[in-house]
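I opened this entry to keep a record of what I looked up in the structure, going from single residues to the sheet and then to the chain as a whole.

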Amino acid sequence: MVGLGYHDFPEGLVIEHRPGRTITETDNTLITALSGNTAPIHLDAHYAAHTTRRRILVCSGVTLAFVGGMTVRSTSGLTLANLGLDDVKFENPVFVGDTLYAETEITGRRLSKSRPDNGIVTCRTTGLNQDGVRVVEFTRTFLVPTDPDAVRDATNY
């Protein structure tokens, strides 16, 4: 089953997203290059070796994409729209070879005033590395159906 509906999101619900995802050099290189970010700390091993990090630092956009992506199947797979991504904090570095895990807490919800068949869910997602160190945290708001079974029946999901 992909995603949840509005009534499946009680405030305070905590969801652990599995499996984790190990970041490869290819992941970092491709997504960093596709984003147009040319900072040498993300792509040039020789340059990175001469910094305080001593190695390539995974681009923060890659970290955000992977942690956010991990949450979709169990939370917003049926979402109709992402409404906001707020208060993003990159708290610790991520390096090639790190494995990321995610956890989401539902922090609020309300029925949509303009779309009566939908609800608005707000959550706080935390991304952790393999050592349990927080690497990213953000708040996300998204629009979901109040009747997910109707959506599943209509779309064969």
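Predicted model: local features only at pLDDT ≥ 70, side-chain atom pairs only at ≥ 80, totals over all residues.

**Entry 1: Overall layout**

I began with the chain as a whole, whose secondary structure comes to five helices and five strands. Read from the N terminus, the elements follow the order β-α-α-α-α-β-β-β-β-α. I then looked up the extent of the C-alpha trace, which spans about 55 × 30 × 25 Å along its principal axes. Of the 157 residues in the protein chain, 41% are buried.

**Entry 2: The sheet**

In what order do the strands of the open sheet lie? I found the five strands arranged as E1-E3-E4-E5-E2, with antiparallel pairing. E1 and E2 are the edge strands, and each of them pairs on one side only. Between neighbouring strands of this sheet the average turn is 20°, with direction ignored. I kept in mind that strands of a sheet pair through backbone hydrogen bonds, either parallel or antiparallel.

I next went through two of the pairings. E3, residues 99–111, and E4, residues 118–128, run antiparallel and are joined by 10 bridges; these two strands form a hairpin with six residues between them. Within this pairing, Gly-108 has Thr-122 of E4 as its bridge partner, and Arg-109 stands opposite Val-121 in E4. E1 and E3 also run antiparallel, and six bridges join them. Here I noted that His-17 stands opposite Ala-102 in E3.

**Entry 3: Two positive phi values**

Which residue in the loop between helix H3 and helix H4 did I look up? It was Arg-54, and that loop runs between H3 (45–49) and H4 (60–72). Phi of Arg-54 is near 70°, a positive value in a residue other than glycine. Arg-54 counts as exposed because its relative accessibility is 60%, and the cut-off for exposed is over 50%.

Asp-87 likewise has a positive phi, of about 50°, although it is not a glycine. I placed Asp-87 in strand E2, and its relative accessible area of 45% makes it partly exposed.

Leu-85 lies in strand E2, residues 81–90. Leu-85 counts as partly exposed because its relative accessibility is 43%.

Which residues of helix H1 are buried? In this helix, residues 25–35, I found Asp-27, Asn-28 and Thr-32 to be the buried ones. Seen down the axis of H1, these buried residues fall within an arc of 105°, and therefore they line one face of the helix. On the other side of H1, Glu-25, Ala-33 and Leu-34 are exposed. As a reminder to myself, an α-helix has 3.6 residues a turn, so residues three or four places apart point the same way.

Is Thr-99 buried or exposed? Thr-99 is buried, because its relative accessible area is 15%, and it lies in strand E3.

For a second pair I took Leu-64, in helix H4, and Gly-127, which are 63 residues apart in sequence and 8.5 Å apart in space, C-alpha to C-alpha. At 22% relative accessibility Leu-64 counts as partly exposed, since buried would need a value under 20%.

Terms used
Residues numbered from 1 in each chain as written. Heavy atoms only, no water. Helix = DSSP H or I, 4+ residues; strand = E, 2+ residues; numbered from the N terminus. Buried < 20%, exposed > 50% of the residue type's maximum accessible area, 1.4 Å probe, protein only. Pairing = 2+ DSSP bridges. Axes fitted to C-alpha atoms, helices over the stretch in contact; angles between N-to-C directions. Arc of directions from axis to C-beta.
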